[in-house]
Amino acid sequence: MRIQWSLIAGLIFALITAIFAVINVNPVQVNLLFGTFEVPLILLILGCTLLGAIIVGSYSIYLQYRSQKKIQQLEQQLAQLAPEAEAAEEEMPLPPANEEVQGLTAERRNQEDLA
């Protein structure tokens, strides 16, 4: 459901940007460090929006790649620790049944009362 809302929000943003760009078609002067040139404002708006989308998408892909790598690393650690945990579990004695525990606590209470 979250992906659907993100898609809808992205489409609404794209529609608003397209409408804004179509309204502003006059040529503008763009001043860069190495020179100036004139370009229609519609191309400048759409180009900057596209550049921003590429940057955000690239960062998102990087974060997803990093997360997948971490998941694989943790799965490998889990696979290494699972046999050790099973062996340790087999060596540990089982805890006493509930009745035995209640009997032991009753005995301790009696001993504490006598003391």
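The following dialogue goes through a predicted model and asks how some of its descriptions are reached.

Student: What is the pattern of the protein, read along the sequence?

Tutor: Read in that direction, the pattern is α-β-β-α-α, and the protein has 3 helices and 2 strands.

Student: How do you know which elements of the protein have the lowest and the highest mean pLDDT?

Tutor: The mean pLDDT of the protein is 82, with 77% of its residues reaching 70 or more; among the elements, helix H3 (residues 98-114) has the lowest mean, 62, while strand S2 (residues 35-40) has the highest, 90.

Student: What makes the reach of helix H1 close to the expected one?

Tutor: Helix H1, which covers residues 2-23 and has 22 residues, reaches 32 Å from its first C-alpha to its last, and the value expected at 1.5 Å a residue is 32 Å.

Student: Why is H1 called hardly covered?

Tutor: A residue is buried when its relative accessible area is under 20%, and the count of such buried residues among the 22 residues of H1 is 2. In the protein, buried residues make up 4% of the 115 residues.

Student: What makes S1 and S2 a pair of strands?

Tutor: Two strands pair if at least two bridges are found between them, and strand S1 (residues 27-32) is joined to S2 by 6 bridges, the two strands running antiparallel. One of the residues with a bridge partner in S2 is Gln-29, whose partner is Glu-38, and S1 and S2 form a hairpin with 2 residues between them.

Student: Why is the pair of Tyr-59 and Tyr-62 called tilted?

Tutor: Rings pair if their centres lie within 6.5 Å, and by this rule the count comes to 1 aromatic pair. The ring centres of Tyr-59 and Tyr-62 are 6.3 Å apart and their planes stand at 35 degrees; planes under 30 degrees apart would count as stacked and those over 60 as edge-to-face, so the rest are tilted, and therefore this pair is tilted.

Student: Where do Tyr-59 and Tyr-62 lie in helix H2 relative to one another?

Tutor: The two residues are 3 residues apart in helix H2 (residues 41-91), and they are therefore separated by about one helical turn.

Student: Why is Tyr-59 called exposed, and Tyr-62 partly exposed?

Tutor: Exposed means over 50% relative accessible area; Tyr-59, with 52%, is therefore exposed, whereas Tyr-62, with 44%, is partly exposed.

Definitions and conventions: Residues numbered from 1 in each chain as written. Predicted model: local features only at pLDDT ≥ 70, side-chain atom pairs only at ≥ 80, totals over all residues. Heavy atoms only, no water. Helix = DSSP H or I, 4+ residues; strand = E, 2+ residues; numbered from the N terminus. Expected span 1.5 Å × (residues − 1). Buried < 20%, exposed > 50% of the residue type's maximum accessible area, 1.4 Å probe, protein only. pLDDT = per-residue confidence, 0-100. Phe/Tyr/Trp six-rings, centres within 6.5 Å; stacked < 30°, edge-to-face > 60°.
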